[in-house]
Amino acid sequence: MHLQVAPRHEIDDGGTARDLEQPAADIIVLSGADTELTALQRAIAGRGPDAPTVALTNFLQLGHPMSVDLYVERTLARARFILLRLLGGESYWPHGIEALRREALRRRIPFACLPGDTRWDPDFARRGTLADVEAERLWRYFAEGGPDNLAAALRWIEHALGGGPAPEPARPVPSAGFWPSALPSDGRPRAAILFYRALLQGGMTEPIEALAAALAARGVAAQPIFVTSLKDPVSDAVLGSAFAAAPPDVVINATAFAVGTPDAAAKGALGRAGCPVLQVALAGSSEAEWRASSRGLSPRDLAMQVVLPEVDGRIFAGAIAFKERPPGAPSFAPPVSRPLADRVEAAADLASAWIRLRRAAAPERRVALIVAN
């Protein structure tokens, strides 16, 4: 049979089969979250030479059914444990789930099919082969996240394969909080930077650090705050308390999606902040792909990080970071989010301008209306 295989530099959109050429390993972990895969990669680097080998794969690269079949045939050739973390339920990747389950049953190896968010779904987990209590305990390590919990998840899998003692249960990680700590009130204009807790858990905070540094260079006190989601009640409460204690002059949001409806957004912490809310994008594509595209961001990024946030009344301030792999890294290696200096500077300039406008007396403001046609 002739198989058309996509060039390695292309993003798999499901229309072309591709062979990731990823070597086989004892433990296979598939996830759609690069932050999670990056954190796992760091945990793997800290293990001993005799530990079972681990292969990490972003299953979004396996959109074509033939891609899945090639992956099962080659990368799973000697797998002893398969773990899938998937957000969206079985309908999001039905052929992949069925192929992994069929291979696990055929070879009588464990298959953990775990929800990709912080809500336990026992029905979805039963597509795997683990007992309910085992699946939920393993899922909890990923749901809490962070380097310690993910390292413990690997030790739990090794224990399940007959090596070493069982680790302690997952340690809770706050849903939201200041990072690295709360800033003192020193009279400077304040900018709150909101970002996903997953970035902190995966060690992908470089874009947030770059933005905070650019704001500081403009005399703005930047307060990064991590959240699970703007829809998460605990995160919303933390933001509400933070904004009440130290009202920001501007909020720069790096999370995706919308809170819901414009009315719901107005009632949330961002709506009650009483200041402009800028939206920045941490793109899922590379800088080269962004520059080469006539529309810039990918359709997925445009929908999640531009269109939907506008429902909440946020002001788009551009993309400030892009996904990049280290030079020479294989196509299956998880990329990391790298800031682009001039885009970070542009976002910081825009935030500073909004702060100046907000603090200017009304007679000093000049307003221009730009209309189409």
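Visitor: What volume does the largest cavity have, and how is such a value to be read?

Guide: The largest cavity has a volume of about 50 Å³. A cavity is a set of points, on a 1 Å grid over the protein atoms alone, where a 1.4 Å probe fits but cannot get out; points are joined across faces, edges and corners, and the volume is the space filled by probe spheres set on them. This is a predicted model, in which local features need pLDDT of at least 70 and side-chain atom pairs pLDDT 80 or more, while totals for chains, interfaces and linings use all residues. Residues are numbered from 1 along each chain as its sequence is written, and side-chain values use heavy atoms, without hydrogens and water.

Visitor: How many cavities of 30 Å³ or more does a search of the whole structure find?

Guide: The search finds one.

Visitor: Which residues line the largest cavity?

Guide: Lining residues have an atom within 4 Å of a point. Here they are R18, D19, L20, E21, Q22, L62, S67, L70, Y71, R74 and T75. By class, four are nonpolar, three polar and four charged (nonpolar: Ala, Val, Leu, Ile, Met, Phe, Trp, Tyr, Cys and Pro; charged: Asp, Glu, Lys and Arg; polar: the others, Gly among them). E21 also has a positive phi, near 55°, although E21 is not glycine; E21 lies in the segment before β1 (27-31).

Visitor: At what angle do α2 and α3 pack?

Guide: Axes are lines fitted to C-alpha atoms, for helices over the stretch in contact, and angles between N-to-C directions run from 0 to 180 degrees. Helix α2 (residues 65-74) and helix α3 (residues 94-107) pack at about 25°, their axes 10 Å apart. The two helices are therefore roughly parallel to each other (an angle under 35 degrees). Contact, meaning heavy atoms within 4.5 Å, involves P65, V68, D69 and V72 of α2 with H95, G96, A99, L100 and E103 of α3. Five of these residues are nonpolar, two polar and two charged.

Visitor: Which element gives the most to the lining of the second largest pocket?

Guide: A pocket is an open set with protein on both sides within 12 Å along at least five of seven lines. The second largest pocket holds about 210 Å³ of space, and α10 gives the most to its lining, with four residues. In total 17 residues line this pocket, with V259, A265, G268, L270 and G271 nearest its centre.

Visitor: Where is the cis peptide bond from W179 to P180 placed?

Guide: P180 lies in the loop between β5 (176-178) and β6 (190-196); omega of the bond is near 0°.

Methods:
Parallel < 35°, antiparallel > 145°, perpendicular 65-115°, else oblique.
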